[in-house]
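Hi everyone, thanks for coming.

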Amino acid sequence: MNTVAEEILGLPPNPKEAVSIQKEPLKCDLCHKIFKSFLALNRHKFRHFNPVTCQICSKTFSWKKSLEKHLLIHKGIKPYVCQVCGRGFRGKSDLNQHFYTHTGEKPFPCEVCGKPFADRSSRRKHYLVHTGEKPYTCEICLKGFSEKAHLREHSVVHTGQKDHKCQLCPKQFTTKSSLQRHLSTHMDLRPFVCDICDRAFKRRNALQDHYMTHNNTKPHACPICSKRFARKYDVNLHKVSHSNIRPFSCDKCNKTFKMKRTLKQHYIRHTNIPFKCDDCDREFFSRSVLYEHQLTHDEDNPFQCKTCDIPFSSKDAMKRHFRSHHNTNESC
């Protein structure tokens, strides 16, 4: 005799024969999902009629087994342990997928770009890159994130905590990723090289932004004066010029600045001059000025400033020099 659930779901007399009874694809009349057999369809329909709820956090699940696995989160139990690294997992399938990280296998490719991943969850997170979806939003500043972990890391910014300390200098950071980016400033590794002018960068996105200076692409416009820039970062720096607010003050001489980075550059003047040229021992207050100076020692400098005859390896470097040291209304 059929149960009430069987009547509601429309189960055949013998569920074991469900696969052979219907060979055509079947559709759930509640959510329109397609299935190849009665058995698969009816198992799915139970999700609509028999949800189970966690008594601790009120989260609902389609299956009792899923609820039992979820309860391990509240108990802190991770019964499945990796024999290689000792990391624990709540489910056996989670452990099996984790094991691929030790073997180097990546059996889960992205359906859009083909990039392979060691587990489904990493692939699912990566897929948001293609959709542009950012489902996790900061409640304070409304900034969106594609991953929950990134939102958690970002939230620390609003607390003011700086628990990540650089071992090479007194600087402290709110997030681990910020510390990692900062560490590159202590090393002169610049693996990303422009194939047009040979200028090298520490990060790939900096190289990508730099490429725009060669093709004269300026997709970002100032909302106040409509002046266009190659990088969004440059727009944000430029917008400060429209304001008279100077919130950054030097604690040595009380001089004020619009930007924090300008204050940092100024502050070096109260300390020892840190950047020295290896060719002539001349010293400079900033790394960028030193870099521009070092171009003068390069024999292969086809671009020369018409005002002071200083040679440069690229036309862009020459233009930057001219804007900084000569009349910006003229052309070099």
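Some ground rules. This is a predicted model, so local features need pLDDT of at least 70 and side-chain atom pairs count only at pLDDT 80 or more, while totals for chains, interfaces and linings use all residues. Residues are numbered from 1 along each chain as its sequence is written, and side-chain values use heavy atoms, with hydrogens and water left out.

Okay, the overall picture. The protein has 13 helices and 22 strands; here helices (H or I, at least four residues) and strands (E, at least two) are DSSP runs, numbered from the N terminus. Of its 332 residues, 24% are buried. Buried means under 20% relative accessible area, exposed means over 50%, and partly exposed is in between, with a 1.4 Å probe and protein chains only. Now contacts, meaning heavy atoms within 4.5 Å: among those between residues at least 6 apart in sequence, 8% join residues at least 24 apart.

How far can we trust it? pLDDT is the predictor's confidence in each residue, from 0 to 100. The mean for the protein is 76, and 84% of its residues reach 70 or more. Where pLDDT is low, the predicted coordinates should not be read in detail.

Next, the second largest pocket. On a 1 Å grid over the protein atoms alone, a pocket is an open set of points where a 1.4 Å probe fits, with protein on both sides within 12 Å along at least five of seven lines, and lining residues have an atom within 4 Å of a point. The volume of this one is about 1400 Å³, counted as the space filled by probe spheres set on the points, which are joined across faces, edges and corners. Which residues lie nearest its centre? They are Arg-90, Asp-94, Ser-121, Arg-124 and Lys-125, out of 30 lining residues. Helix α6 gives the most to the lining, six residues. By type, the lining has seven nonpolar, ten polar and 13 charged residues. Nonpolar covers Ala, Val, Leu, Ile, Met, Phe, Trp, Tyr, Cys and Pro; charged covers Asp, Glu, Lys and Arg; the others, Gly among them, are polar.

Last, some loop residues. Thr-174, between β12 (172–173) and α8 (176–183), is buried at 17%. Its contacts, leaving out residues up to four places away in sequence, are Val-156, Val-157, Gln-161, Lys-162 and His-164. Most residues other than glycine have a negative phi. Ser-226, though, has a positive phi, near 70°, and is exposed at 53%. Asn-254 also has a positive phi, near 65°, and is exposed at 59%.

That's my tour, thanks!
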